[in-house]
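Welcome! Please take a moment to look over the sequence and the model shown here, and then read on for a short tour.

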Amino acid sequence: MIAAVLAFLLAPQEELIEKLRSDDVAQRTSAERELRALGRAALPALERASRDPDREVAARARRLFHLIPALERISPRLREVVPGIEGLLETADPHAWTKIL
């Protein structure tokens, strides 16, 4: 019974990870957006996907795996003072946060 519940709960994340393999850019982008919206619930699936043999899937998963917790730590005050901070942090540029300063 517990295994069935876990499978049910993990299904959406795993399905979204599979969509990261799509040839359709819009579908991959949508999957990333949905995984991000799931927040911490997506982290176990993203951690597994970060070791995927498909380099693009692994790279997208790693980025989201690190991005989700970072976005959760942004205070409401910082969001107010730095409009668009989430967008800066979402870029693939590891130094994007320095553009805030």
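Does R60 count as buried or exposed? R60 counts as buried, because its relative accessibility is 17% and buried means under 20% relative accessible area, exposed over 50%, and partly exposed in between (1.4 Å probe, protein chains only).

Before going further, a word on the model. It is a predicted one, in which local features need pLDDT of at least 70 and side-chain atom pairs count only at pLDDT 80 or more, while totals for chains, interfaces and linings use all residues. Residues are numbered from 1 along each chain as its sequence is written, and side-chain values use heavy atoms, with hydrogens and water left out.

**The whole chain**

The protein chain has 6 helices and 0 strands, where helices (H or I, at least four residues) and strands (E, at least two) are DSSP runs numbered from the N terminus. Read from that end, the order of elements is α-α-α-α-α-α. Of the 101 residues in the protein chain, 30% are buried. Contact here means heavy atoms within 4.5 Å; among contacts between residues at least 6 apart in sequence, 44% join residues at least 24 apart.

| Pair | Apart in sequence | C-alpha to C-alpha |
|---|---|---|
| T91 and L67 | 24 residues | 9.6 Å |
| P44 and Q13 | 31 residues | 8.9 Å |

T91 lies in the segment after α6 (85–90), and P44 is in helix α3. Both are partly exposed: T91 has a relative accessible area of 35%, and P44 has one of 38%.

Helix α4 covers residues 55–72. Its 18 residues should span 26 Å at 1.5 Å a residue, and the end C-alpha atoms are 26 Å apart, so the two values agree; the expected span is 1.5 Å times one less than the number of residues. The buried residues of α4 include V57, A58, L64 and L67.

R60 also belongs to α4. Its side chain is joined to that of E56 by a polar contact of 2.9 Å. A polar contact is a pair of N or O atoms within 3.5 Å; within protein, one must be able to donate a hydrogen and the other to accept it, and residues adjacent in sequence count only if both atoms are side-chain atoms. Not counting residues up to four places away in sequence, R60 touches L20, R28 and E32.

D52 sits in the loop between α3 (43–49) and α4 and counts as buried, because its relative accessibility is 16%. The side chain of D52 reaches the backbone nitrogen of D54 at 2.7 Å and makes a polar contact of 2.4 Å with the side chain of R21. Leaving aside neighbours within four places in sequence, D52 is in contact with R21, V57 and A58.

**A pocket to look at**

Which residues line the second largest pocket? They are T29, E32, R33, R36, R60, R63, L64, L67 and E90. By type they divide into 2 nonpolar, 1 polar and 6 charged. Both α2 (25–38) and α4 supply at least two residues each to this lining.

Methods: 1 Å grid on protein atoms, 1.4 Å probe; cavity = no way out; pocket = protein on both sides within 12 Å on 5 of 7 lines; lining within 4 Å. Nonpolar A, V, L, I, M, F, W, Y, C, P; charged D, E, K, R; others polar.
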